[in-house]
Each structure stands twice: as C-alpha cells, then as structure tokens.
Amino acid sequence: MKNLSNQPCLIARSLALVGDAWSMLIMRDAHAGLTRFDEFRKSLGIAPTMLTARLSALTDDGLLEKRRYSERPPRDEYVLTEAGRDFLPVLFAIGAWGRKHRGGGKVTRFFDAETGTEIDPVTIDRETGAPVGTRPIRVAAPE
C-alpha cells in the first residue's frame with residue numbers, strides 16, 4: 001500500500017500507513033496500554049514475523065516510538081507518539097460504524113476511565129457542527 005502514500009487524497013495517504021487490520025488492532029491495543037511485543041502477540045494471536053513487520057512499520061511511520069526498557073537482555077517497548085494518540089478517534093469512528101452495521105451478539109465495549117461512561121463517538125464537522133455523513137460531500141482535486 002506504500003504506493004498510496006504520495007496520493008493527493010489524505011484518506012489514501014493514511015491508509016498507506018494503517019490500512020491493514022493488524023496495524024489497526026495494534027493501535028487499538030496500544031491505546032489500551034499494551035507496550036511490549038509479547039503483550040501484543042498474546043492479545044492478537046499474530047505470528048511473530050507479522051507482528052515484527054507491523055510494529056516496525058508503525059514505528060517508521062511515526063505512530064509508535066520504540067523505547068528500550070531492558071539492556072540485559074535487550075528489550076524494547078512500543079509507546080504511542082502524538083500521531084498515534086491522535087489516531088484514537090479514527091478507531092472509535094470505525095467501532096461506531098461496526099456497532100451500527102456489524103453489531104449483534106457479544107461485543108467489546110469501551111468506557112471513559114475517569115467517568116465510567118460508555119464511549120459513544122460522534123464525528124462532526126468543526127465548521128458547521130453537523131454530524132459527518134448526514135450531508136452530501138464534494139471532493140475537490142488539489143490545485
């Protein structure tokens with residue numbers, strides 16, 4: 001998907017970084033507090049080679065930062081960068097879509113750690129205050 005990274009469309013550029021399910025789930029787990037390779041592997045059931053590749057890509061692309069937490073043996077953890085922290089609303093928007101169109105049965109729920117209330121995200125346009133998806137859009141080519 002790297003060939004998308006030079007597209008004028010910011011959706012395409014962003015998908016070049018996190019457009020696969022493993023990357024999205026790693027970012028979900030990082031927001032839930034996981035930082036170590038073994039934690040991600042246990043949570044996701046992902047092959048070590050695949051996890052190594054995804055963590056490397058997310059680090060190279062600036063969503064995660066690799067930090068050494070042990071010298072002997074050498075061990076690193078992966079912590080969210082500012083760009084990684086800014087990705088949380090994207091994950092919640094996908095989850096809200098899933099609740100509406102793929103819900104049913106037992107599903108994971110997300111709560112605000114301070115208030116205890118369940119998170120029910122709404123994406124709005126900052127300028128108009130209108131919920132995104134309730135009004136037609138127009139796509140403009142770059143000038």
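Predicted model: local features only at pLDDT ≥ 70, side-chain atom pairs only at ≥ 80, totals over all residues.
The UniProt record, an unreviewed entry, carries the annotation "domain: HTH hxlR-type" for residues 9-106. Within that span, 60% is helix and 13% is strand. The C-alpha atoms at its two ends, those of residues 9 and 106, are 36 Å apart.

The largest pocket has a volume of about 830 Å³. Its lining is made up of 25 residues, and those closest to the pocket centre are Leu10, Ile11, Ser14, Leu15 and Val90. Two elements give two or more residues to this lining: helix H1, residues 10-18, and helix H6, residues 88-101. Of these, H1 gives the most, with six residues. By residue class, the lining of the largest pocket holds 22 nonpolar residues, two polar ones and one charged one.

The second largest pocket contains about 660 Å³ of space. A set of 22 residues lines it, and Arg28, Leu91, Phe92, Gly95 and Phe110 lie nearest its centre. Here the elements that each supply at least two lining residues include helix H2, residues 21-31, and H6. The largest share of this lining comes from H6, which provides nine residues. The class division for the second largest pocket is 14 nonpolar, five polar and three charged residues.

Technical notes
Residues numbered from 1 in each chain as written. Heavy atoms only, no water. UniProt positions renumbered as here; feature names shortened; annotations may be inferred. Helix = DSSP H or I, 4+ residues; strand = E, 2+ residues; numbered from the N terminus. 1 Å grid on protein atoms, 1.4 Å probe; cavity = no way out; pocket = protein on both sides within 12 Å on 5 of 7 lines; lining within 4 Å. Points joined across faces, edges and corners; volume = space filled by probe spheres on them. Nonpolar A, V, L, I, M, F, W, Y, C, P; charged D, E, K, R; others polar.
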